[in-house]
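Keep the sequence and the 3D view open as you read, and find each residue as it comes up.

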Amino acid sequence: MKKLIQIITIAFAALPLLTAQSSNVTLPQDKGPDKIDVSGYPAPMQKSYKTFAAKCSKCHTIARPINTMMTKPEWERYVKRMMHKPNSGISDAQGKDIFEFLVYDQVNRKDKNPKAFFAALSDEEIAKLKAQQQ
Ligand code: HEC
């Protein structure tokens with residue numbers, strides 16, 4: 001009996017490790033629009049937008065990536081980083097589609113109107129916001 005209680009206790013303690021790590025901070029870009037009008041985008045990009053909207057809204061609002069400016073290498077690094085978070089639920093193929101969508105959208109929408117968007121924050125800046133919001 002004691003053993004069973006021990007096992008149950010350990011199982012519950014491990015639970016948070018199995019669920020996805022949600023973002024527990026609000027970034028400035030989270031308050032921007034939460035959708036993109038992709039009606040003028042090529043068909044494969046419209047398809048990837050759906051993958052992006054489904055996968056990148058699991059732990060924080062989709063407004064976060066929609067309103068963040070990044071260069072192509074930054075998006076590459078960032079999509080990989082998000083994919084590798086525990087239980088991100090993003091396969092390699094989906095990650096590739098999402099990355100290609102983000103780069104297309106960066107060049108064709110964000111770069112044309114950079115003032116409407118937010119610069120990516122450093123880990124230190126995010127940590128600072130987190131501390132302020134707790
Ligand atoms: C498993 C949870 C999870 C998933 C899935 C996820 N993210 Fe994130 N994302 C986070 C966390 C955590 C942070 C860091 C902020 C924080 O600590 O709350 C973050 C931050 C960001 C930022 C802010 C970058 C900055 O420096 O300003 C962007 C942009 C972003 N994510 C884009 C994406 C994209 C694109 C996807 C889909 C490929 C995605 N996220 C999927 C958890 C996730």
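## Ground rules and overall fold

Helices (H or I, at least four residues) and strands (E, at least two) are DSSP runs, numbered from the N terminus. On that basis the protein chain has 6 helices and 2 strands, and reading along the sequence gives the pattern α-α-α-β-α-α-β-α. This is a predicted model, in which local features need pLDDT of at least 70 and side-chain atom pairs count only at pLDDT 80 or more, while totals for chains, interfaces and linings use all residues. Residues are numbered from 1 along each chain as its sequence is written.

A residue is buried if 20 or more other C-beta atoms lie within 10 Å of its own, exposed if 12 or fewer, and partly exposed in between, with C-beta atoms placed from the backbone. Two residues are in contact if those C-beta atoms lie within 7 Å. Of the 134 residues of the protein chain, 16% count as buried. Among the contacts with a separation of 6 or more, 82% join residues 24 or more positions apart.

## Around the ligand

What surrounds the ligand? The shell has 24 residues, and the closest are S23, C56, C59, M82 and K85.

The shell divides into 14 nonpolar, 6 polar and 4 charged residues. Here Ala, Val, Leu, Ile, Met, Phe, Trp, Tyr, Cys and Pro count as nonpolar, Asp, Glu, Lys and Arg as charged, and the others, Gly among them, as polar. Helix 3 (63-66) and helix 4 (72-83) each supply at least two residues of this shell, and helix 4 gives the most, with 3 residues.

In soluble globular proteins, nonpolar side chains tend to be buried together. The largest nonpolar core of this model has 10 residues: V38, Y49, F52, C56, W75, V79, I98, F99, F101 and L102. Helix 2 (43-55), helix 4 and helix 5 (92-110) each supply at least two residues of this core, with helix 5 giving the most, 4 residues. A nonpolar core here is a set of buried Ala, Val, Leu, Ile, Met, Phe, Trp, Tyr and Cys residues joined through C-beta atoms within 7 Å.

Leaving aside its neighbours within four places in sequence, V38 is in contact with M45, Q46 and Y49.

Which residues of helix 2 are buried? They are S48, Y49, F52 and K55. Seen down the axis of helix 2, these fall within an arc of 140°, so they line one face of the helix; the arc is that of the directions from the helix axis to the C-beta atoms. The face turned away from the buried side carries the exposed residues A43 and K50. The buried residues of helix 2 pack against helix 5.

Helix 5 has D97, I98, F99, F101, L102 and D105 as its buried residues, and these pack against helix 2, helix 3 and helix 4. At 1.5 Å a residue, the 19 residues of helix 5 should span 27 Å, and its end C-alpha atoms are 25 Å apart, which agrees. The expected span is 1.5 Å times one less than the number of residues.

I62 is in the loop between helix 2 and helix 3. With 19 C-beta neighbours inside 10 Å, I62 counts as partly exposed. Not counting residues up to four places away in sequence, I62 touches D34, A53, C56 and S57. T61 is also placed in the loop between helix 2 and helix 3, and T61 counts as partly exposed, with 18 C-beta neighbours inside 10 Å. Leaving aside its neighbours within four places in sequence, T61 is in contact with D30 and D34.

Where is N87? N87 sits in the loop between helix 4 and helix 5. Phi of N87 is near 55°, a positive value in a residue other than glycine. Most residues other than glycine have a negative phi. N87 is exposed, with 12 other C-beta atoms within 10 Å.

Conventions. A residue is near a molecule or strand if its C-beta atom, placed from the backbone, lies within 6 Å of it.
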